[in-house]
Amino acid sequence: MEHQNRHKEREAGLQLSIAASSAWRVLQLGGSELDAVERGCSQCEIDQCDGSVGYGGSPDESGETTLDAMIMDGDTMEVGAVADLRHVKNAIGVARKVIEYTKHTLLVGESASLFAVRMGFPYEDLTTQKSLSMYSQWLNQSCQPNYWKNVVPDSSKSCGPYKRPEKVTCKEEQTTSRSVHNHDTIGMVVIGGSGTVASGTSTNGAVHKIPGRVGDSPIAGAGSYADSTAGGAAATGDGDIMMRFLPSYQAVEYMRMGTDPTVACQKVISRIQKHAPKFFGAVICANTNGSYGAACNKIPGFTQFHFMVSSPLLSQPTEHVVDCI
């Protein structure tokens, strides 16, 4: 099992390296920072990074894969985002079109899919044999784990359909067991030569989520944030908890005050720890001077966080590792 985990980590690292290279190549060829973010994240969507980005992963409670993504321009502060996107594979590409062709920020669900088709994206099935297998296995395990609480029948022992009991007795909230990966979202921050900042995220969300659930990834200030006067940040992990604290926005504000990127990330993680000590999550930070860092919350099975860096000083994307706090 340990060998299998190491193999998965190496594979995920390679996929992230390819994504970072794709983004870096766009900048070298004269593309914009937004172009670089879009290309890097879409590469991960194509490669189905770690099974947690793109099609064919993280089936929801009805067995469907849906996607969330966002992209942000740190010069104009424009954001384009999609959530609960269905039947369209290139979520970050659709998010970019929200900026370019609408006055909106966030489009959701089937309506977001209809928008995508009008923008020229193909309507495709996001289900694969792998996601169907994950879904079948989950059903055979009495739908465990899931994200329900205080319902009948008992969600910790059986599948639904659930409903609220006639008399609610609030139980102490239990932590949902979940497999811990180094990443469950592709988050990217790009700092251009002129200091322009762009950021973005893409994910297929929480495995076996309740249909309609949206996490932190497509929410500006939660999943990522970019401001060309300060820097950029992106988050990965348990979005249901992390989005309550707007960690990416908070990290950028710390950097605006002159805080070192690593310390800014650590302060954000520490803030969430006070309310949810067992949360799974990490944040990456980069300022307009080109300094960068990351931090993560230490829990069993997740003691280090790996992230990729490309810069003029490096001949190729380089993996960095931080110990969780």
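At what angle do helix H7 (residues 247-256) and helix H8 (residues 261-273) pack? The angle is about 140 degrees, and the axes lie 9 Å apart. Axes are lines fitted to C-alpha atoms over the stretch in contact, with angles from 0 to 180 degrees between N-to-C directions. The crossing of H7 over H8 is right-handed.

The model is predicted: local features need pLDDT of at least 70, side-chain atom pairs count only at pLDDT 80 or more, and totals for chains, interfaces and linings use all residues. Residues are numbered from 1 along each chain as its sequence is written, and side-chain values use heavy atoms, without hydrogens and water.

From H7, Pro-247, Gln-250, Ala-251, Tyr-254 and Met-255 meet Pro-261, Ala-264, Lys-267, Val-268, Arg-271 and Ile-272 of H8 (contact: heavy atoms within 4.5 Å). By class, this contact holds 8 nonpolar, 1 polar and 2 charged residues.

The largest nonpolar core has 42 residues. Such a core joins buried nonpolar residues through side-chain atoms within 4.5 Å; buried means under 20% relative accessible area with a 1.4 Å probe. Val-283, Phe-302 and Phe-305 have the most contacts inside the core. Beyond its neighbours within four places in sequence, Val-283 touches residues including Pro-247, Val-268 and Ile-269. A second, separate core of 33 residues includes Ala-23, Leu-34, Ile-92 and Val-98.

Helix H3 (residues 91-101) is largely enclosed by the rest of the structure, because 9 of its 11 residues are buried. Among them are Ile-92, Arg-96, Lys-97 and Val-98. Their cover includes helix H2 (33-47), strand E1 (67-73) and helix H4 (109-118).

Terms used
Helix = DSSP H or I, 4+ residues; strand = E, 2+ residues; numbered from the N terminus. Left-handed = near helix turned anticlockwise from the far one by under 90°. Nonpolar A, V, L, I, M, F, W, Y, C, P; charged D, E, K, R; others polar. Buried < 20%, exposed > 50% of the residue type's maximum accessible area, 1.4 Å probe, protein only.
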